[in-house]
Amino acid sequence: MFRILARAQDFAYLTKKGREAKAEKSNFHHQNTKKSSKRGATHLTRSEKTKNGDRKSRDGKGTNGLAAKAGKGSCISKNQKECGRLLDCVWVMNSCVTIPPRCESFLSQISCEINSSINTCVWKDNKCISTIEFPTESPSEPPVPFPTTNPPSPWPTYFPTAVVSELPTGPETGLELDLIVGIRTPDCPRLLGQAPTPRPSPLPIPPDTLGPTASPSAKPTPRPSARPTKLPTTRPTLKPTVKPTNSPTAKPTLLPTVRRTRTPTNKPTEKPIPRPTQKPSIGTSTADPIITFRRGDLKKDIKRFGFKVSKGLTVRLIAQASKRVNFANGDRSDLPFHSMPDGAAIIPLSSGYVYVSNSEVNNGGGGVYGLYFDRDGNIVDYKILLNGTSRNCSGGKTPWNTYVSCEEVEGGQCWQVDPDPLSKYHSRPEITMLGGSGGYFEAIACDDRDPTRPIFFVVEDTEFGALRKYTPPPSTTIADWNTLHTSGGTTEYLLFINENTFTWTSCDEAAARLSQAANFPFVEGVDVKDGMLNFVSKKTYKLYTLDLDKGTYTMLSTNGTLSGDGEFRNSPDQIVRNNGGDFLYFTEDGGYPGVYSLDSSGNMYAIFEAYDTMYRGDETTGLAFSPDGNKMYASFQDCGCAVTYGQDCGCLFQFARDDGLSFDGESEQ
């Protein structure tokens, strides 16, 4: 009965404008121009490679002419992708159904009456029939206004059809949501006016579980700056001699001597070094480094690679798909670098760090790979960490330094992988509790303000997806690997109430999916910091920022004017922070893609941007930063390959600041 009611609820919003928006979506992926490789082969743009494109799909099944074969109003598909391409069909609650539905589709009085205002249906003789053929015997009652203080009565388990939609009309999507009927169970509170759930306070931690430390802080200690302090130390390290020198120098010394002298000197001290070393040590020097990086100044042209970078960056190509990786000692990897590199993260290790990278190959050809670096940033190893999965898109890092890889495929899951060779979980990747029964998952982010019970956010890259919040069961110990594999957690779904407030619902997933379709379809990157959740939609070209404690949100267009050179005109994709810093970095899908950064004041800059035709319609992926923040890693997913999704698709670059500072550090004015 619940499935029937939920399906009726989904149909209620599909008005004429909704169907027009669906038709617009079908054409959305065919509007970009095609690209040509050096070999003269024609390639599709990244937008045309999506699930709804008019091409051979990623799983190898042809899609051209599918709607024509099925015919108007014939929704016979059992596959969500094919259903989305059928004329006047929509995928709702794991079924492909017609829009608008026929009255006889509704098998209960409640579901029939829910749709009466749109489909002219009425319940008569235990059947749902059309009022066009069987007019009602008496005029219908006027709609009952929805009370603002108490739930509607006499139906405690659902809202009547007179309720105004909780999901706002979105000009970007074109959906006119006349009626959204939220199915309710007795344990599910109403959503209108519902206050956000306050963040739980950290549970007390027994002293015997803490190990060497006395009491860990709720937040990690800030990482020391890679540049010297501008202020002198609290106590002087160099003191002048108490007595004057026997023979005063002709002019005063520029700097005190390195150590206190026992015997006065007769000569002036040496002149100071005219400029500091390239990488100053932390703590002792009081001189400012010479800043050479100018964020957004794309005057430096790397012609051999076909893109421009910000002033003060050095670039090197470190890996190409289908080719073995070169190590610092002269050896090469046993495996060739993986095809279709996508989401990535950097995990610190005792011996250095590892660049963890997804492969978006379909049909069991995807997986996760690790590129290992020593402490000096030299490549020392490359190996596979997870295989046999499909379309591993993006993912995210956990507070305990493992990686979660998300499958963007029907029934996809979220896998936890430990890249540390010294860990007992290193060769034991597992499906987590995050994905539930499966979905088209894109990425995850973690709010770890409570270290014993971190909250995970999972996004889906599909129109009718559901942005979910997973809270693990309570614990008295610091979260670890087992946190994502222990049953008893709760899953809630994001629901926008109006233009600036939201809530979470655990019992109305269908309404949450409609909310995503109306407000933020096709979610890509996600990030959370200090109680602020950020995610982007590649359809609306917007960055959404949710205040998790206040239950409010704001939106910012990613297609605004840049500060400096370049332009960010195509779909935002992954969003990443530099080791939890203040800048938010974006990758781009389509056009001549690049990588861009957004500061805390709302200014956006280009870090690098492609111009060679080999990158036209490509996608920048794999964005991650070294532990010291000085090196940035990013990929092109095609990189001019001959055949899209071929084994030679993808290349990985390393960008480093010449002045030795972090990418979030000060920029030359």
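Which hand does the disulfide of cysteine 641 and cysteine 649 have, right or left? The torsion about its S-S bond is about 80°, so the disulfide is right-handed. This is a predicted model, in which local features need pLDDT of at least 70 and side-chain atom pairs count only at pLDDT 80 or more, while totals for chains, interfaces and linings use all residues. Residues are numbered from 1 along each chain as its sequence is written, and side-chain values use heavy atoms, with hydrogens and water left out.

The structure holds 2 disulfides, a disulfide being a pair of cysteine sulfur atoms within 2.5 Å. In the pair of cysteine 641 and cysteine 649, the sulfur atoms are 2.1 Å apart. Both of these cysteines are buried; buried means under 20% relative accessible area, exposed over 50%, and partly exposed in between, with a 1.4 Å probe and protein chains only.

Cysteine 639 and cysteine 651 form a disulfide with sulfur atoms 2.0 Å apart. The torsion about the S-S bond of cysteine 639 and cysteine 651 is about 95°, and therefore this disulfide is right-handed. The pair links distant parts of the chain, 12 residues apart: cysteine 639 lies in the loop between β34 and β35, and cysteine 651 in strand β35. Strands are DSSP runs of E with at least two residues, helices are runs of H or I with at least four, and both are numbered from the N terminus. Cysteine 639 has a relative accessible area of 15% and is buried; cysteine 651, at 0%, is buried as well.

Cysteine 393 has its closest cysteine sulfur in cysteine 406, at 8.7 Å, which is too far for a bond. At 3% relative accessibility, cysteine 393 counts as buried. Cysteine 406 is in no disulfide, for the nearest cysteine sulfur, that of cysteine 414, is 3.6 Å away. Cysteine 406 is buried, with a relative accessible area of 0%.

Strand β35 also takes part in the largest nonpolar core. A nonpolar core is a set of buried Ala, Val, Leu, Ile, Met, Phe, Trp, Tyr and Cys residues joined through side-chain atoms within 4.5 Å. The largest one has 26 residues, and those with the most contacts inside it are Phe307, Phe608, Met632, Phe636, Phe653 and Phe655. Two or more residues of this core come from each of β8 (307-309), β9 (313-320), β32 (604-610), β33 (620-625), β34 (631-636) and β35 (651-657). Not counting residues up to four places away in sequence, phenylalanine 653 has contacts, meaning heavy atoms within 4.5 Å, that include Phe305, Phe307, Val315, Met632 and Phe636. Apart from this core lies another, of 20 residues, among them Leu467, Trp504, Phe520 and Val523.

Strand β12 (residues 341-349) has 8 of its 9 residues buried, so it is largely enclosed by the rest of the structure. β12 pairs with strand β13 (residues 352-359) in the antiparallel sense over 7 bridges; two strands pair if DSSP finds at least two bridges between them. A hairpin of 2 residues joins β12 to β13. Isoleucine 347 has valine 354 in β13 as its bridge partner.

Methionine 433 is in the loop between β19 (430-431) and β20 (439-447). At 33% relative accessibility, methionine 433 counts as partly exposed. Leaving aside neighbours within four places in sequence, methionine 433 is in contact with Tyr470, Leu484, His485, Thr486 and Ser487. Methionine 433 and threonine 490 are 57 residues apart in sequence, and their C-alpha atoms are 9.7 Å apart in space.
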